[in-house]
Amino acid sequence: MRSDIDAVVFDCDGVLVDSEVLSLKIGQKVLADLGWEADIPTLVESFMGCSHEHYIAEVERNLGRTLDDDWSAPYKPWYDKAFSEDLREIDGISRALDGIDLPTAVASNSRHVQIRSSLTTVGLFDRFAGRISSAEDVPNAKPAPDVYLRAAETLGVAPERCIAVEDSRFGVQAACAAGMTVLAYETDMTPAGWFDRPDITVFRSMAELPALVRELSS
């Protein structure tokens, strides 16, 4: 039990919005169109929670060629259509947020325009407006701690007095490096071994989250 927790910082994709499956399925089609036939487990292991720079580097490595600057333009409508029609909040997250009596913020590797669009689509943007940190705001994306350190700064709270809620190994590494207490959200997509470390707490339902936060902050 500890009494030095003052805030909770959330990853966005896969923690607040149920975007990972949508992104992976569309991404699989995009990569196939580019010439890389990859299965979903490979894409999860390679890209879930990664930065844009990491994604480009890995795609180019597997394709064996450099992508054009505008390579993604033809595929943007694929993502826009799926996200506008099918994006939902993570099951139970609104109720979980209602049950947390601490200041909250977002720390994401996604770009601000994507974060805002996703949170607005599912009705969560107003809960975090003014307290959203993106990899665009910092020198290094996750797994570096920069975006989590910035999120703590926006809250006016020391990083070590924050809980981070994450769903990817890149995010867990970033939050731990920032000195935050980490709650790792595990789903059926989570690869085995991703969260096998003694300094984090793993949970599988957002219904568990308020009680875990209370336990850590009481």
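**Note on the helix packing and selected residues**

1. The crossing that helix 1 makes with helix 4 is right-handed. This is a predicted model, and the points below should be read with that in mind. The axes of helix 1, residues 20-34, and helix 4, residues 76-86, come within 10 Å of each other and cross at roughly 155 degrees. Because angles over 145 degrees count as roughly antiparallel, helix 1 is described as roughly antiparallel to helix 4.

2. The residues that form this contact can be followed on both sides. From helix 1 come Leu 22, Ser 23, Ile 26, Gly 27, Lys 29 and Val 30, and these meet Trp 78, Tyr 79, Ala 82, Phe 83 and Asp 86 of helix 4. By class, the residues in the contact of helix 1 with helix 4 divide into seven nonpolar, two polar and two charged.

3. Helix 1 also packs against helix 2, residues 40-47, where the two axes come within 10 Å and cross at roughly 100 degrees. Helix 1 and helix 2 are therefore roughly perpendicular to each other. On the side of helix 1 the contact is made by Leu 24, Lys 25, Gly 27, Gln 28 and Leu 31, and on the side of helix 2 by Ile 40, Leu 43, Val 44 and Phe 47. The contact of helix 1 with helix 2 has six nonpolar residues, two polar residues and one charged residue.

4. For the chain as a whole, the secondary structure comes to 10 helices and six strands. The radius of gyration is 17 Å, close to the 17 Å that the globule rule gives for 218 residues, so the chain is as compact as a globular protein of that length. The C-alpha trace spans about 50 × 35 × 30 Å along its principal axes, and buried residues make up 50% of the 218 residues. Among contacts with a separation of 6 or more, 68% are between residues 24 or more positions apart.

5. Is Asp 18 buried or partly exposed? Asp 18 lies in the loop between strand 1 (7-10) and helix 1, and with a relative accessible area of 37% Asp 18 is partly exposed. Leaving aside neighbours within four places in sequence, Asp 18 is in contact with Leu 87, Arg 88, Glu 89 and Ile 90. Asp 18 and His 52, which are 34 residues apart in sequence, are 19 Å apart in space, C-alpha to C-alpha.

6. Glu 58 lies in helix 3, residues 52-63, and its relative accessibility of 18% means that Glu 58 counts as buried, because the cut-off for buried is under 20%. Which residues does Glu 58 touch, not counting those up to four places away in sequence? They are Trp 36 and Phe 47.

7. Helix 9, residues 169-177, contains the buried residues Phe 170, Gly 171, Val 172, Ala 174, Ala 175 and Cys 176. What covers these buried residues includes helix 2, helix 3, helix 8, strand 4 (162-166), strand 5 (181-185) and strand 6 (200-203). Helix 9 is followed by Gly 179, whose phi is positive, near 90 degrees.

8. Two prolines in loops deserve attention. Lys 142 and Pro 143 are joined by a cis peptide bond, with omega at about 20 degrees, and Pro 143 is found in the loop between strand 3 (132-134) and helix 8 (146-155). Pro 191 is found in the loop between strand 5 and strand 6, and at 16% relative accessibility Pro 191 counts as buried. Not counting residues up to four places away in sequence, Pro 191 touches Val 44 and Glu 45. Pro 191 and Ser 168 are 23 residues apart in sequence and 9.4 Å apart in space, C-alpha to C-alpha.

9. Finally, Gln 114 has its place in helix 6, residues 112-121, and counts as partly exposed at 32% relative accessibility. How many residues separate Gln 114 and Asp 13 in sequence? They are 101 residues apart in sequence, while their C-alpha atoms are 10.0 Å apart in space.

Note on methods
Residues numbered from 1 in each chain as written. Predicted model: local features only at pLDDT ≥ 70, side-chain atom pairs only at ≥ 80, totals over all residues. Heavy atoms only, no water. Axes fitted to C-alpha atoms, helices over the stretch in contact; angles between N-to-C directions. Helix = DSSP H or I, 4+ residues; strand = E, 2+ residues; numbered from the N terminus. Parallel < 35°, antiparallel > 145°, perpendicular 65-115°, else oblique. Left-handed = near helix turned anticlockwise from the far one by under 90°. Contact = heavy atoms within 4.5 Å. Nonpolar A, V, L, I, M, F, W, Y, C, P; charged D, E, K, R; others polar. Buried < 20%, exposed > 50% of the residue type's maximum accessible area, 1.4 Å probe, protein only. Rg over C-alpha atoms; globule rule 2.2 N^0.38 Å.
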